[in-house]
Amino acid sequence: GIHPEHAHTLDDAGLEWIRSRFSNPKAVAVGEIGLDYYYDLSPRDEQRYWFKRQLELAYELDMPIIVHSRDAAQECFDIIKASKVRNGVIHCYSGSAQMAKDYIEMGFYIGIGGSLTFKNNRKTVEAVEQIPIDKILIETDAPYLAPVPYRGRRNDSRLLKYVVEKIGDIKNLPEIDVCNITKNNAKRLFIK
């Protein structure tokens, strides 16, 4: 897929090129697609248009989606709800606990990364508290959002242990259980 920051570069030929990538068995999802109103690097109307077109492609190909939503939580949710897509992950989740539950009810997983460990990130902690562990995926968002104690540095998968530790603390689960459950969640989503 095409990230919303680059939506202005997409056209019908580009969408067909994306479609052609799914002949490769390693292609397991359409993403990272969605809306990003923080930087507005693509006009919002183009972001919305190409997000909807890529959702149609995902539905046609029966592929899950990986959703990017920044400063556009409700509009992103509404567009997905109006689509026929009911499988994917809401990447780097930062919305409310209620919206997380609503996404799960539609069939989605919630991606949790390093921002969960940030001192002032109560929203994500509340979401993790209220959603089932079997609907959580862990992620880096590398090179961004390194967890505490590495906040502000380059993020990579070696730092996922801090996200796992925090989820374990919130859910009162051993870290090995968090690892195994989220690994199985990822397999259910991405392996057919």
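**Figure 1. Proline 149 sits in the loop between S5 and H6.** The model is predicted, so local features are reported only at pLDDT of at least 70 and side-chain atom pairs only at pLDDT 80 or more, while totals for chains, interfaces and linings use all residues. Residues are numbered from 1 along each chain as its sequence is written, and side-chain values use heavy atoms, without hydrogens or water. Helices (H or I, at least four residues) and strands (E, at least two) are DSSP runs numbered from the N terminus. Valine 148 is joined to proline 149 by a cis peptide bond, with an omega of about 20°. Another cis peptide bond links alanine 142 to proline 143, with omega about 5°. Proline 143 is also placed in the loop between strand S5 (136–138) and helix H6 (160–171). Aspartate 141 belongs to the loop between S5 and H6 too. Although aspartate 141 is not a glycine, its phi is positive, at about 60°. Most residues other than glycine have a negative phi, and most peptide bonds are trans.

**Figure 2. Aspartate 71 occupies the loop between S2 and H3.** The backbone of aspartate 71 has a positive phi of about 55°, and the residue is not a glycine. Is aspartate 71 buried or exposed? Aspartate 71 is exposed, at 54% relative accessible area (buried is under 20%, exposed over 50%, and partly exposed in between, with a 1.4 Å probe and protein chains only).

**Figure 3. The largest pocket has a volume of about 590 Å³.** A pocket is an open set of points on a 1 Å grid over the protein atoms alone, where a 1.4 Å probe fits, with protein on both sides within 12 Å along at least five of seven lines; lining residues have an atom within 4 Å of a point. Grid points are joined across faces, edges and corners, and the volume is the space filled by probe spheres set on them. There are 20 lining residues, and the closest to the centre of this pocket are His68, Arg70, Cys92, Asp141 and Leu145. Strand S1 (30–36) and strand S2 (65–70) are the elements that each give two or more residues to the lining. S2 supplies the largest share, 3 residues.

**Figure 4. Ile80 and Tyr103 touch the most other members of the largest nonpolar core, which has 46 residues.** Such a core is a set of buried Ala, Val, Leu, Ile, Met, Phe, Trp, Tyr and Cys residues joined through side-chain atoms within 4.5 Å. Which helix gives the most to this core? Helix H4 (residues 97–106) does, with 6 residues. In H4, the buried residues are Ala97, Met99, Ala100, Tyr103, Ile104 and Met106. These buried residues of H4 pack against helix H3 (73–82), strand S3 (88–90), strand S4 (108–112) and helix H5 (122–130) (contact means heavy atoms within 4.5 Å).

**Figure 5. Phe77, Tyr103 and Phe108 make up one aromatic cluster.** Rings of Phe, Tyr and Trp (its six-membered ring) pair if their centres lie within 6.5 Å; planes under 30 degrees apart are stacked, over 60 edge-to-face, and the rest tilted. The whole structure contains 5 aromatic pairs. One of them joins tyrosine 103 and phenylalanine 108: the ring centres are 6.0 Å apart and the planes lie at 80°, so this pair is edge-to-face. Tyrosine 103 is buried, at 1% relative accessibility. Phenylalanine 108 is buried as well, with a relative accessible area of 0%. Leaving out residues up to four places away in sequence, tyrosine 103 touches Ala73, Cys76, Phe77, Ile80, Ile90, Tyr93, Phe108 and Ile110.

**Figure 6. Tyrosine 38 and tyrosine 39 form an edge-to-face aromatic pair.** Their rings are 4.6 Å apart centre to centre, with 85° between the planes. Tyrosine 38 is partly exposed, at 44% relative accessible area.

**Figure 7. Tyrosine 49 is part of helix H2 (residues 44–61).** With 41% relative accessibility, tyrosine 49 is partly exposed. From tyrosine 49 to aspartate 62 the separation is 13 residues in sequence and 20 Å in space, C-alpha to C-alpha.

**Figure 8. Asparagine 184 is part of helix H7 (residues 175–190).** Asparagine 184 has a relative accessible area of 36% and is partly exposed. Between the C-alpha atoms of asparagine 184 and glycine 31 there are 20 Å, and the two residues are 153 residues apart along the chain.
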